Amino acid sequence: MAENTLMEKLVSLAKRRGFVFQSSEIYGGLGSVWDYGPLGVELKKNVKDRWWRAMVHARDDIEGLDAAILMHPKVWEASGHVAGFTDPLVDCKQCKNRFRSDDKRIKGTPGQPDAQCPVCGSKGTLTEPRLFNLMFKTFMGPVEEHASVVYLRPETAQGIYVNYQNVLNSSRQRVPFGIAQIGKAFRNEITPGNFIFRTREFEQMEMQFFVKPGTDEEWFEKWRAWRMEWHHSIGLTPAKLRWHAHGPGELAHYAKAAYDVEYEFPFGWQEIEGVHNRTDFDLGRHQEYSGKKMEYFDQAANERYLPYIVETSAGADRVTLTLMADAYREENVEGETRVVLGFDPGIAPIKAGVFPLVKKDGMPELADRIYHDLKPQFPVFYDDSGAIGRRYRRMDEAGTPFCITVDGETQTAQTVTVRARDSMTQERVAVDQLAAYLLPKIRAR
Ligand code: ATP
């Protein structure tokens, strides 16, 4: 399938089935801001729940945190974001569009007569690159003056660093240990796009692991292995995932080593998560800017040191898009195209559809009873409208792994059919065994 076509199809399916809508659509939309509909919010919540379970609940050495979006402005000076969180941008004087200076579509050198604007095609109209800060600014309190400027956080990590001692002092943790957080981040991205791949408001799932200097490289490798395993565990195709190591020119100023987990999207291999060895840069800077000691005292060894940090940083929206792109397929079934989102059942937003075959002979009542029995246990969807084949197709598009149909035999034999999304085969299952039959199949791996 052509690349663009697949993305266009995903965007349209996402809207049709209620995964993702354009923000403020009735007003023409807001650039690169998206809203999650009923199915999208479930899918993204499953991503976040799976991450939280793997990172916090399943481990003894990680604590959770939920820090505020607004932070003291000094945080962003200490972190380097005020001075350095910038993209070099060029403007076209002709059409007024703005681009990142490394935009591959630009021909020639911006600022020189040979440079050509990728939008209007004019030559020599692109300015020299200028630095543009990606942080959103706002004002706190009643006065709009410089002193009251605060930023919407561009990453969640800083909330973890400034709370590292609070967590240490209030929990039983000792280095090595980690703090995990899921939350919104904001970046005034200049070349956003590709649907929910790069947006201006997004959610990050970040974990900072504090280790003794000298053990950082070993922990870094462990975290790389665990994070890749996690991406496999949510059902992504392993052959479409790979590591990209940051070379010397790419490495952020704070990092000793950085690897990205990349996924092969229809628009090419792109980062979905970063694993970084941030050294003692962050705690060192906060120590310097706040004047507060950030050292760790190791009682057993009677020594003090600034811990090194191994960070894992993934985007919840980007992983959600990855799941959708990975799951999308079209099949030819008896001359018709069947569109399927083949999600792993553990991550699928709805686990089962419940249908009466026809709207008579007591079937709706039986189906309704089954629906209400299952609903407290996992997400199910009741549908009695239209031909049964169309109802199956709607559930295929929603990525629902099973469909339960009440038919003529249900009343007498107390059984229903259970149709599997991928094989499209049906099995007869006793009504009182339905939950026991489905639960192991829809459990997260
Ligand atoms: P990119 O090079 O794609 O801009 P980055 O290297 O700036 O990403 P990080 O700062 O390492 O990204 O952020 C960690 C993760 O947060 C990314 O792997 C991605 O999943 C997510 N993320 C970052 N920026 C955005 C964005 N604008 N929209 C959606 N997700 C994002």
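This is a selection-by-selection tour of a predicted model.

Residues are numbered from 1 along each chain as its sequence is written, and side-chain values use heavy atoms, with hydrogens and water left out. Because this is a predicted model, local features need pLDDT of at least 70 and side-chain atom pairs count only at pLDDT 80 or more, while totals for chains, interfaces and linings use all residues.

**Whole protein**

Start with everything shown. The protein has 13 helices and 23 strands; these are DSSP runs, H or I of at least four residues for helices and E of at least two for strands, numbered from the N terminus. Its C-alpha atoms fill a box of roughly 75 × 70 × 50 Å along the principal axes. Of the 445 residues, 49% count as buried. Buried means under 20% relative accessible area, exposed means over 50%, and partly exposed lies in between, with a 1.4 Å probe and protein chains only. The accessible surface comes to about 21,100 Å², and carbon and sulfur atoms hold 49% of that. Such areas come from the Shrake-Rupley method with a 1.4 Å probe; for residues, only the protein chains shown count as cover. Among contacts (heavy atoms within 4.5 Å) with a separation of 6 or more, 63% are between residues 24 or more positions apart.

**The ligand**

A nitrogen atom of the ligand lies 2.8 Å from a backbone N or O atom of T199. A side-chain N or O atom of E271 is 2.6 Å from a ligand oxygen. For I272, a backbone N or O atom lies 2.9 Å from an oxygen atom of the ligand. The protein covers 83% of the 590 Å² of accessible area that the ligand has on its own.

**E203 on β10**

Move to E203, in strand β10. E203 counts as buried because its relative accessibility is 10%. Its side chain makes polar contacts with the side chains of K44 at 2.8 Å and K48 at 3.1 Å. A polar contact is a pair of N or O atoms within 3.5 Å; within protein, one must be able to donate a hydrogen and the other to accept it, and residues adjacent in sequence count only if both atoms are side-chain atoms. Leaving out residues up to four places away in sequence, E203 also touches others, including I182, G183, A314 and D317.

**Helix α8**

Select residues 281-290, helix α8, where F281, D282, L283, H286 and Q287 are buried. An α-helix has 3.6 residues a turn, so residues three or four places apart point the same way. The cover over the buried residues of α8 includes α3 (73-78), α5 (157-161), α6 (164-170), β10, β13 and β16. G291 follows α8 and has a positive phi near 75°.

**Aromatic pairs**

Next, show the Phe, Tyr and Trp rings. Rings (for Trp, the six-membered one) pair if their centres lie within 6.5 Å; planes under 30 degrees apart count as stacked, over 60 as edge-to-face and the rest as tilted. The whole structure has 19 aromatic pairs. W51 and W52 form a tilted pair, because their planes stand at 45°, with centres 6.4 Å apart. W51 is buried at 0% relative accessible area, whereas W52 is partly exposed at 22%.

F197 and F265 are edge-to-face, because their planes stand at 75°, with centres 5.4 Å apart. F197 is in the loop between β9 (177-186) and β10, and F265 is in strand β12 (residues 257-265), 68 residues apart. F197 is buried at 6%, and F265 is buried at 4%.

**I442**

Finish at I442, in helix α13 (residues 434-442). I442 is buried, with a relative accessible area of 7%. Residues up to four places away in sequence aside, I442 touches P345, G346, K351, F378 and F402.
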